[in-house]
Amino acid sequence: CIELNPWNSTTKSLDNPSYMIIDIDPSPKNSFEQVIETANVFKQILDKAGAMSFCKTSGATGLHIFVPMGGKYLYEQVRSFAEIICSMAREQLPKFTSMERNIKKRGNKIYLDYLQNSRGQTIAAAYSVRPHAGATVSTPLLWKEVKAGLHPAAFTLETVPKRVKKMNDIFKAVLGKGIDLKKCLDNIY
């Protein structure tokens, strides 16, 4: 086993996640450019909400969006907020995104997965090597990097250590104070 898949909460507070996750999970028919466009729509929505957000590659074909929660809310509250944000993104990109979990019903659309925000769910950790060709790494990104030309294959066991040495841990703030959920909801409604 080479990858790490932690819970979203710590042993100090198992029912209160440290962060919210949105998994942008493409079908084989989706381009990575569509994944990038989807991530940037999430960034716009979360900016409007006043929520700090972070992006990382999944280390496979998708991207993950993280929002610090600071362990202040229950999984159900965080999942409901993620569902709202995903619904808003889907409304903006209906041609190639879906919130339908069933692959047959979803077809060739990008799955906007908010269900990762459940107790016991796991997702590839930042800086975790994935079992894919080239030993890709789930790599935190600066939002300015989430643009045309980005590709997960560029982040590997060989390239990421140099990147971290140069940039430090750009993902550290995911474990920070956390958003004000009520304020964020007020900002988007």
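Author: Helices and strands here are DSSP runs, numbered from the N terminus. The model is a predicted one. With that numbering, strand S1 gives the most to the lining of the second largest pocket, with 3 residues. The lining has 14 residues in total, and Asp23, Ser58, His64, Ile123 and Arg130 lie nearest the centre of this pocket. By class, the lining of the second largest pocket divides into 4 nonpolar, 7 polar and 3 charged residues. The volume of this pocket is about 150 Å³.

The largest pocket holds about 250 Å³ of space. Its lining of 19 residues has Tyr19, Ala126, Phe171, Val174 and Leu175 nearest the centre, and it divides into 12 nonpolar, 4 polar and 3 charged.

Next, the nonpolar cores. The largest core has 44 residues, of which Met20, Ile22, Ile24, Phe42, Leu63, Ile65 and Phe81 touch the most other members. Strand S1 (19–25) is among the elements that each supply at least two residues of this core, as are helix H1 (32–49), strand S3 (63–68), helix H2 (75–92), strand S5 (110–113) and helix H5 (181–188). H1 gives the most, with 9 residues. A separate core of 7 residues includes Ile21, Phe54, Ile123 and Phe171.

Ile22 is in contact with His64, one of several partners beyond four places in sequence; the others are Phe42, Leu63, Ile65, Ala82, Ile85, Cys86 and Asp113.

Technical notes:
Residues numbered from 1 in each chain as written. Predicted model: local features only at pLDDT ≥ 70, side-chain atom pairs only at ≥ 80, totals over all residues. Heavy atoms only, no water. Core = buried A, V, L, I, M, F, W, Y, C linked by side-chain atoms within 4.5 Å. Buried < 20%, exposed > 50% of the residue type's maximum accessible area, 1.4 Å probe, protein only. Helix = DSSP H or I, 4+ residues; strand = E, 2+ residues; numbered from the N terminus. Contact = heavy atoms within 4.5 Å. 1 Å grid on protein atoms, 1.4 Å probe; cavity = no way out; pocket = protein on both sides within 12 Å on 5 of 7 lines; lining within 4 Å. Points joined across faces, edges and corners; volume = space filled by probe spheres on them. Nonpolar A, V, L, I, M, F, W, Y, C, P; charged D, E, K, R; others polar.
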